[in-house]
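Good morning, and thank you for coming.

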Amino acid sequence: MTAARTLYDKLWDEHVVRVEDDGTAQLYVDRHLLYEVTSPQAFAGLALERRVVWRPGASLGVCDHNVPTSGRAGGIRDPLSRMQVETLEANCDAHGIAQLRLLDPRQGIVHVVGPEQGATLPGMTVVCGDSHTSTHGAFAALAFGIGTSEVEHVLATQTLLMKKSGNMLVELEGSLAPGCTAKDLILYVIAQIGADGGNGMAIEFGGSAVSALSMEGRMTLCNMAIEAGARAGLVAVDDTTIAWLEGRPGVPRGEEWRQAVDHWRGLASDPDARFDRRVRLEIGGLRPRLTWGTSPAMAGDIDGQVPDPAQEQDAGRRASMRRALDYMGLEPGQALNGLRFDRVFIGSCTNSRIEDLRAAAQVVLRMGGRVAAGVKQALVVPGSGLVKLQAEREGLDRVFVEAGMEWREPGCSMCLAMNEDRLQPGERCASTSNRNFEGRQGVGGRTHLMSPAMAAAAALAGHPVDVTSFFA
């Protein structure tokens, strides 16, 4: 009798080419996503060794980190950013790799575009030189970020050398209150298990709360699994998965679709599968959340306060909290809903999909008025050209613009300081991105992570607002 397996076990077993005596495995890669920052050195390495791309059809190139989100028809002004994007285009052309160029209407953030185009499918192994590749695990794909040398190795061999991770199950039970989202959920999970709670693990998210989430919500969970130290995030296939994928460009059709669906339905952990660690959390009373420190684990409820490091027993954590408060310019006991923001950013591979933009627009409509006087800038950046087009068809762009917010073109934008959208030293930002590390959005910038609904409310009020009343 075959032993019960987790979803991660099944994905791993189906892709192992061979295993060495020390446990190192050669893993086959189904999909390789490339972008402009980590790929140039990899292609240069291939050229130096006079090697070719082993399987060009398994790769897809997308420019996103360095691209401007306004005025892009005039080109990229920054010479380094322009060179990186042009180098990606030239390398993809030279090796016959499909790509979405800067002015392609489908262009966008690689972790939004991949699923949207059907380049990500259940049962695949998916890699990219970016840590938030874990996003694609929402489709029961084994997806994870890799380093530049590994990018070169995949291009040359279509395989990776690695050791198997442990299995971790995070069961989330209960129903989210109106106005609470997957972003609030994952910030709560990380705060509960810690920024290192998933170290050495592939985290599978399950439970009634996860089953009730849309695919957009599941992608948000898996996107930030990496912020809990995990190698990958996973969600099993169900009817929601299949309905979201049907009809997308790279998805099988006809009889092949029916066969694929039959196979995909088996991509779930067996009922009696063994996990190395299990965590069960009841989330029925969850409140909207936001971060106060410099790690996604440093978060609290909208009606909470900045914690006092003196109350922390662990010396290492106490020192970390003190450094975070010093960097963020906050004091213990300070009310989180009393923070004042200089800028607001709605976007990133975490929260730039159509569901996110709809939630933000709903809050803007319910609150009325315009961007608060103290907020210098409020950016809304869709995750892809197709998300942008859909939002414009629904009139969401007009809602934002009429409220004084800036409607931009797709890209990573202010998620990280690698393009023209960035914070100035000391500026405080309400952000829907995934990381609030020191300097992440600009040198000296102070980032507070939250949901799109919360960020939209912050733009109009100038401070955090309990958004649950807008969805009741």
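Helix 6 and helix 8 run roughly parallel to each other, because angles under 35 degrees count as roughly parallel, and their axes cross at roughly 25°. This is a predicted model, in which local features need pLDDT of at least 70, side-chain atom pairs count only at pLDDT 80 or more, and totals for chains, interfaces and linings use all residues. Residues are numbered from 1 along each chain as its sequence is written, and side-chain values use heavy atoms, leaving out hydrogens and water.

Helix 6 covers residues 182–193 and helix 8 covers residues 215–223; helices are DSSP runs of H or I with at least four residues, strands are runs of E with at least two, and both are numbered from the N terminus. The two axes come within 9 Å; axes are lines fitted to C-alpha atoms, for helices over the stretch in contact, and angles run from 0 to 180 degrees between N-to-C directions. Ala 182, Lys 183, Leu 185 and Ile 186 of helix 6 touch Gly 217, Thr 220 and Leu 221 of helix 8, where contact means heavy atoms within 4.5 Å.

Four strands form an open sheet in the order 11-10-9-12, with parallel pairing; two strands pair if DSSP finds at least two bridges between them. Strand 11 (232–234) and strand 12 (277–282) are at the edges, each with a single partner strand, so one side of each has no neighbour in the sheet. Helix 6 packs on this sheet, touching strand 9, strand 10 (201–206) and strand 12.

Definitions and conventions: Parallel < 35°, antiparallel > 145°, perpendicular 65-115°, else oblique.
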